[in-house]
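Work through these exercises with the sequence and the model open side by side. Try each task before reading its solution.

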Amino acid sequence: MTFTPPAMDAGQRAWLQFDAASRTAEVWLNGHRIGGHKGGFSRFRLDATRALRAGQANTLLVKVDNTQPAQGSSTADILPLAGDFFVHGGLYRPVSLIVTNAVHVDMLDAGGSGIFATTKSIDAAMANVDVRVRIRNDGTKTQAVNAVVRLIDAGGKTVATATRRIPLRADSASESAETLSVATPHLWSGVADPYLHRLVVEIATPSGAVLDRVEQAFGIREMRADPAAASCSTASRCGSRASAITRIARARAGRPRLRISSRMSRSCAKWA
């Protein structure tokens, strides 16, 4: 597939995000192999900065292997090995090109959003939500940034906020940990009351310029008796990044189509 991404500012980074490629994938951009992935159900990202030609025509080639797992086959160790359900082959979920600033919420967090939120304690008067944010500086200089975390209710009101100053060395990652205290919380309760808050994380310079912004849904819910199960069940990792988005329709029977729309601070080309 050939596509033309928008121009990039100096220091920005480009990432290819695959929401799924079954069962294995190897990826080339403009003749350069930029990485691969095993497993047909999980999202993965690859750093495409060096291979991408911003503002020019680019050629993306993805080799996928959907061989039936069997002893000696190319997918012998790729789950699921068997099952009574249909397993898709090829690129059956969106592929995106995401452009970030040099400082950003970690894009290589195993395909996650770089944010992990867990309800640690709760009663009628107060809920405490622990939030961890992985932040990376891919630049060449040390930079201090503010990590601003906000929890916003369904009506748009900010119900909790926290800010932490973080010094980031060049070419390194760091983690910010905060606890948000929510008074008289509105809980998530399955089908009866599936109430969701928005968890918003902004990485900003000391002067207030936003370098990255990630938003995801979060439900405040009762903890289970098993702490491990509670941590897993209340965690939220999937997020969306504010961006300018170029959508390229997923290749089906016909020719892919190009659609362009605009959002905030990040640019993203998407095979939707």
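**Exercise 1.** In which sense do strand S3 and strand S6 pair, and over how many bridges?

*Solution.* Start with the ground rules. This is a predicted model, where local features need pLDDT of at least 70, side-chain atom pairs count only at pLDDT 80 or more, and totals for chains, interfaces and linings use all residues. Residues are numbered from 1 along each chain as its sequence is written, and side-chain values use heavy atoms, with hydrogens and water left out.

Next, locate the strands. Strands are DSSP runs of E, at least two residues long, numbered from the N terminus. Strand S3 covers residues 24-29 and strand S6 covers residues 58-65. Two strands pair if DSSP finds at least two bridges between them. S3 and S6 pair in the antiparallel sense over 6 bridges. Within S6, leucine 60 stands opposite leucine 29.

**Exercise 2.** What is the order of the 4 strands in the open sheet? Which strands stand at the edges?

*Solution.* The order is S1-S6-S3-S4, with antiparallel pairing. Strand S1 (2-3) and strand S4 (32-38) stand at the edges. Each has a single partner strand, so one side of each lacks a neighbour in the sheet.

**Exercise 3.** Which residues form an aromatic pair, and how is that pair arranged?

*Solution.* Apply the rule first. Rings of Phe, Tyr and Trp (its six-membered ring) pair if their centres lie within 6.5 Å; planes under 30 degrees apart count as stacked, over 60 as edge-to-face and the rest as tilted. The count comes to 1 aromatic pair. Phenylalanine 18 and phenylalanine 44 are stacked, at 4.9 Å centre to centre with 5 degrees between the planes.

Now place the rings. Phenylalanine 18 lies in strand S2 (residues 13-18) and phenylalanine 44 in strand S5 (residues 44-47), so the pair ties together parts 26 residues apart in sequence. Phenylalanine 18 and phenylalanine 44 are both buried (under 20% relative accessible area; exposed is over 50%, partly exposed in between; 1.4 Å probe, protein chains only).

**Exercise 4.** Is asparagine 137 buried or exposed? Which backbone atom of glycine 139 does its side chain reach?

*Solution.* Asparagine 137 is found in strand S10 (residues 126-137). At 1% relative accessibility, asparagine 137 counts as buried. Its side chain reaches the backbone nitrogen of glycine 139 at 2.8 Å. The side chain of asparagine 137 also reaches the backbone oxygen of arginine 169, at 3.3 Å.

**Exercise 5.** How many residues apart in sequence are isoleucine 122 and isoleucine 220?

*Solution.* Isoleucine 122 is found in strand S9 (residues 115-122). Isoleucine 220 is 98 residues away in sequence, yet 8.6 Å away in space, C-alpha to C-alpha.

Technical notes: Polar contact = N/O pair within 3.5 Å; in protein donor to acceptor, adjacent residues only side chain to side chain.
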